[in-house]
Amino acid sequence: MRAECLFSGIRYELIKGSLDADICDIVDDSRQVSPNAVFVCRRGAVTNGRKYIGDAISRGAAGIIITDEVWDSEDVYDADSMSGSLGYYPDDFFVVVMHDKRYSIGRLCNNFWGYPSRELTVIGVTGTKGKTTVTYMMKKVLETCGCKTGLIGTIEVDDCSSQVQSVNTTPGVVQLHRILHNMVSNGARCCVMEVSSQGIMLGRVSGVDFDIGIFTNISPDHIGKNEHKTFEEYIRWKSTMFSMCRYAVINMDDVYAPCICNGIQVNGAKKCSGVIGYGMNIWSKELYDKISEHMPVYDIHFSLYIGDQLAMAYNGITPGTECECVMPDGDRVPIHIDMPGLFNVYNALAVIAAGDVLGFPRSTVSKALEDICVRGRMECAAVYRGAYVYIDYAHNPVSLENVLKTLRSYFGGKIFCVFGCGGNRAKSRRIGMGMVSGKMADLTIVTNDNPRFEDPEAIMDDIEDGLNAAGAEYIRIPDRKKAIRYGIVHAVAGDVVLLAGKGHETYQDVMGHRTHMDERELIGQILEEEDAGVICGRDN
Ligand SMILES: CC(=O)N[C@H]1[C@@H](OP(=O)(O)OP(=O)(O)OC[C@H]2O[C@@H](n3ccc(=O)[nH]c3=O)[C@H](O)[C@@H]2O)O[C@H](CO)[C@@H](O)[C@@H]1O[C@H](C)C(=O)N[C@@H](C)C(=O)N[C@H](CCC(=O)O)C(=O)O
Ligand SMILES: Nc1ncnc2c1ncn2[C@@H]1O[C@H](COP(=O)(O)OP(=O)(O)OP(=O)(O)O)[C@@H](O)[C@H]1O
Ligand SMILES: N[C@H](CCC[C@H](N)C(=O)O)C(=O)O
């Protein structure tokens, strides 16, 4: 592509060279520069892309695009001073300053990759909890209905050709458009993706054309250094996604649903054609009025709720849920989900509503939901002498509370809760999870999660503050395998050992260094050492 074509519809200034060059790629990491690629130089939380211009040049970049936040913030408004350690630019090298970074960077990617999100039905899922589960449920439904589907989220990126472990829930904007382009090339018709509030705030979804946006729920989380300043700010960014969606599928039982809907209007979306509410209850007139008052320009198409037939169900080994979904036209759709917990019914409802927007047969959607297991989400990993071992990604107080409540409702025995908390993350999680586990589990086994750059003992001290406040019984075993073993060998038939916080993760991060750690393997080793037990090992 000619470099000039990159800038269609973008406000920019050419500082040096000519845009008559041929370019073959765009990247925003100098380490990924190949000959004739363009390096987008942006400022990050840790470092400034400006420092890597020399590196990009030495790898054969055709030119650089300096985002306005780098350009405006530098003390020297002089392209020459930015040529890094090389101190010069090669012949024919171009330097462009790009304005309106938030909008322009998405447009730049679309100009280069040909608007891949328009070629796909893109479903974005946002909310504090449930994003991963909903994306996997949605993918299963789409594929059952014959649509090849890519997936982007916390666990992995699946571009319909390969599956790669994720670094972020929502990848950086340049990377994201590349992935969407690859999906199109690999024959995908749909993409389901998790959209984190960080992702929205940092412009990672700039230029993405969402067909459906799903809101699961919101509660205080991700507030702290490098994340959001306040809960209000967190809500605001989440709501922003709905200004980019054709249809908004909203959990109307969440008390903040009106704020999210309000966001649609506040953000001035023109293209939203409908809001679809779902929940466990028939909407009250009061809520309906409140929502429609904020959105005079939108149709609220229908609501979807659960009848009064919610029941627990067992498939022989693991518990699930059975219920009946009352559709807006009164149709009743029976649902069986192989995952326990009311929260998974909410997740399923979001998917059923989206399936209806897409015009899929309800019976096919319902059938597709029957056999779903998401890695590290209420995953029954083993049964040992009649005691169940569950792995769940609950790493904040709200999700831990949901999980413990759910397990309590299915199992009559004791609950052993094994968890730690991540370092360099909101401290409030620690005391909060300590209090929840202290209140709801019979015994808490405090251990290590990913301490990152913090002292693991100090993190465990914080958790103990929560446990002590709840007057709980607990034991501290920093080594995660030993902690798991303690739970497993002390549990008897009917008891549950919950390993919370690491879910699908297969590593432990200590001082930025990741060593392999997969709880499924640890359980396997323990059971082998104890010489008993059944590994459930569902392939998911
Ligand atoms: C604080 C933060 O959000 N950081 C994210 C951000 O990195 P950054 O912009 O700060 O990058 P940086 O390291 O300062 O580098 C600045 C620039 O220099 C470039 N560079 C750097 C080194 C080099 O040799 N050459 C070079 O060109 C970098 O590629 C970048 O363009 O952009 C990167 C690429 O998009 C992300 O991987 C990275 O996420 C880090 C790993 C992270 O932990 N982020 C968390 C807070 C996060 O985003 N979490 C949410 C999920 C939250 C949830 O819901 O659970 C998520 O979506 O993942
Ligand atoms: N709808 C829901 N409401 C509340 N809790 C949920 C819901 N769905 C899942 N959970 C709980 O939260 C944990 C994380 O679920 P999931 O990974 O689907 O959400 P997420 O939004 O992707 O989370 P995160 O942002 O933390 O990665 C699950 O392991 C489960 O304990
Ligand atoms: N998306 C979450 C994951 C936390 C998982 C937990 N195991 C940890 O490492 O803190 C976060 O980055 O805050």
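Me: Which polar backbone atom sits 2.8 Å from an oxygen atom of ligand 1?
Reply: That of Val 46. Keep in mind that this is a predicted model. A polar backbone atom of Thr 169 is 2.7 Å from an oxygen atom of ligand 1.

Me: Which side chain has an N or O atom 2.9 Å from an oxygen of ligand 1?
Reply: The side chain of Arg 204.

Me: How much of ligand 1 does the protein bury?
Reply: The protein buries 77% of the 1100 Å² that ligand 1 exposes when taken alone.

Me: How many residues surround ligand 1, and which are the closest?
Reply: There are 22 residues around ligand 1, and the closest are Arg 42, Ala 45, Thr 47, Asn 168 and Ser 196. By class, the shell around ligand 1 has 11 polar, six charged and five nonpolar residues.

Me: Where does ligand 1 lie relative to the domains?
Reply: Ligand 1 lies between domain 1 (1-108) and domain 2 (114-303), because both give residues to its shell.

Me: What are the bounds of domain 3?
Reply: The domain assignment puts domain 3 at 377-533. The centres of domain 1 and domain 3, taken over C-alpha atoms, are separated by 46 Å.

Me: Switching to ligand 3. Which residues surround it?
Reply: Tyr 393, His 395, Gly 422, Arg 425, Arg 429, Asp 449, Asn 450, Arg 452, Gly 501 and Glu 505 surround ligand 3. Sorted by class, that shell has five charged, four polar and one nonpolar.

Me: What distances do the side chains of Arg 425, Arg 429 and Arg 452 give?
Reply: Each value is from an N or O atom of the side chain to an oxygen atom of ligand 3. For Arg 425 the distance is 2.9 Å, for Arg 429 it is 3.0 Å, and for Arg 452 it is 2.7 Å.

Me: Now aromatics. How many aromatic pairs are there?
Reply: The count is six aromatic pairs. One of them is Tyr 388 with Phe 411, which is tilted, with 4.8 Å centre to centre and 50° between the planes.

Me: Where do Tyr 388 and Phe 411 sit in the chain?
Reply: Tyr 388 is in strand 19 (residues 387-392), and Phe 411 is in the loop between helix 13 (397-410) and strand 20 (415-419). The two are 23 residues apart, and their pair links distant parts of the chain.

Me: Is Tyr 388 buried or exposed?
Reply: Tyr 388 is buried, at 18% relative accessible area, because the cut-off for buried is under 20%. Phe 411 is also buried, with a relative accessible area of 10%.

Me: What kind of pair do Tyr 390 and Phe 411 form?
Reply: An edge-to-face one, with the ring centres 6.1 Å apart and 65° between the planes. Tyr 390 lies in strand 19 and Phe 411 in the loop between helix 13 and strand 20, so this pair ties together parts 21 residues apart in sequence. Tyr 390 counts as buried, with 0% relative accessibility.

Me: Which residues do ring pairs link into a cluster?
Reply: Phe 231, Tyr 234 and Tyr 256 are linked into a cluster by ring pairs.

Definitions and conventions: Residues numbered from 1 in each chain as written. Chains lettered and ligands numbered in written order. Predicted model: local features only at pLDDT ≥ 70, side-chain atom pairs only at ≥ 80, totals over all residues. Heavy atoms only, no water. Domains from an automatic or database assignment. Near = heavy atom within 4 Å. Polar contact = N/O pair within 3.5 Å; in protein donor to acceptor, adjacent residues only side chain to side chain. Nonpolar A, V, L, I, M, F, W, Y, C, P; charged D, E, K, R; others polar. Areas by Shrake-Rupley, 256 points an atom, 1.4 Å probe, with all protein chains shown as cover. Phe/Tyr/Trp six-rings, centres within 6.5 Å; stacked < 30°, edge-to-face > 60°. Helix = DSSP H or I, 4+ residues; strand = E, 2+ residues; numbered from the N terminus. Buried < 20%, exposed > 50% of the residue type's maximum accessible area, 1.4 Å probe, protein only.
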